[in-house]
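Please brief me on the protein shown below.

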Amino acid sequence: MENNGHGLARAALAVVAIGIASTAAAHDLTAQECTEGSEFILHAAMARDEGMSRGEFIDRMEADLVAIRSFPPELRWFAQDPDDERLLQRAAEAVFDRPEAPETHQSAFLAQCPVGPTRGPATHDASL
């Protein structure tokens with residue numbers, strides 16, 4: 001049976017592959033995508049807390065990003081371009097390099113997630 005941390009990581013990465021974005025050009029993140037990205041980071045921290053190692057998580061994430069690239073950008077959620085991938089990767093690495101509570105990592109991701117044409121920080125509901 002799969003370790004709970006591994007299942008959380010797989011479920012979070014599946015979200016990346018399933019979502020559908022509306023444009024194929026340069027990807028401007030929406031507040032909703034930033035919220036969903038923050039949930040991915042929350043689940044990454046939960047997987048860490050369940051015993052998943054940094055190497056294992058990052059290796060799986062990178063393999064999933066390679067697979068996701070096989071889909072046209074307009075059929076991808078969040079990881080539509082290298083900037084999106086870097087944002088997600090850096091946040092996932094921080095989960096393991098600077099361990100904090102999962103909710104702390106989620107909040108940090110929301111604070112730095114760029115939205116809209118200016119790719120400035122998102123405005124989010126503080127109740128998340």
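**Arg69 and its partner**

At 41% relative accessibility, Arg69 counts as partly exposed; that class lies between buried, under 20% relative accessible area, and exposed, over 50% (1.4 Å probe, protein chains only). Arg69 forms a salt bridge with Glu85, with the closest N and O atoms 2.6 Å apart. A salt bridge here is a side-chain nitrogen of Lys or Arg within 4 Å of a carboxyl oxygen of Asp or Glu. The model is predicted, so local features need pLDDT of at least 70 and side-chain atom pairs count only at pLDDT 80 or more, while totals for chains, interfaces and linings use all residues. Residues are numbered from 1 along each chain as its sequence is written, and side-chain values use heavy atoms, with hydrogens and water left out.

**Salt bridges**

- Glu85 is buried, with a relative accessible area of 8%.
- The whole structure holds five salt bridges.
- One of them joins Arg54 to Asp97, where the closest N and O atoms are 2.6 Å apart.
- Arg54 lies in helix H3 (residues 54-68) and Asp97 in helix H4, so this pair ties together parts that are 43 residues apart in sequence.
- Arg54 counts as partly exposed at 33% relative accessibility.
- Asp97 counts as partly exposed at 41% relative accessibility.
- Arg60 and Glu56 also meet in a salt bridge, at 3.3 Å from N to O.
- Both Arg60 and Glu56 lie in helix H3, four residues apart, about one turn of the helix.
- Arg60 is partly exposed at 22% relative accessibility, and Glu56 is partly exposed at 27%.

**Overall architecture**

- The protein has five helices and two strands. Helices (H or I, at least four residues) and strands (E, at least two) are DSSP runs, numbered from the N terminus.
- From the N terminus on, the elements run α-α-α-α-α-β-β.
- Of the 128 residues in the protein, 44% are buried.
- Among contacts between residues at least 6 apart in sequence, 78% join residues at least 24 apart. Contact means heavy atoms within 4.5 Å.
- The accessible surface comes to about 6600 Å², and 56% of that belongs to carbon and sulfur atoms. Accessible areas come from the Shrake-Rupley method with a 1.4 Å probe; for residues, only the protein chains shown count as cover.

**Helix H4**

- Helix H4 covers residues 82-97; at 1.5 Å a residue, its 16 residues should span 22 Å, and its end C-alpha atoms are 22 Å apart, which agrees. The expected span is 1.5 Å times one less than the number of residues.
- Asp81 caps the N-terminal end of H4, with a side-chain oxygen 3.1 Å from the backbone nitrogen of Asp83.
- The buried residues of H4 include Asp84, Leu87, Leu88, Ala91, Val95 and Phe96.

**Aromatic cluster**

- Phe40, Phe57 and Phe96 form one aromatic cluster.
- Rings of Phe, Tyr and Trp (its six-membered ring) pair if their centres lie within 6.5 Å; planes under 30 degrees apart count as stacked, over 60 as edge-to-face and the rest as tilted.
- The count comes to two aromatic pairs.
- The rings of Phe40 and Phe57 have centres 6.0 Å apart and planes at 50°, so this pair is tilted.
- Phe40 lies in helix H2 and Phe57 in helix H3, so the pair ties together parts that are 17 residues apart in sequence.
- Phe40 and Phe57 are both buried.
- The rings of Phe57 and Phe96 have centres 5.5 Å apart and planes at 40°, so this pair is tilted.
- That pair links distant parts of the chain: Phe57 in helix H3 and Phe96 in helix H4, 39 residues apart.
- Phe57 has a relative accessible area of 1%, and Phe96 is buried at 13%.

**Around Leu42**

- Leu42 lies in helix H2 (residues 31-49) and counts as buried at 15% relative accessibility.
- Leu42 and Gln106 are 64 residues apart in sequence and 5.1 Å apart in space, C-alpha to C-alpha.
- Leaving out residues up to four places away in sequence, Leu42 touches Pro102, Glu103 and Gln106.

Conventions:
Polar contact = N/O pair within 3.5 Å; in protein donor to acceptor, adjacent residues only side chain to side chain.
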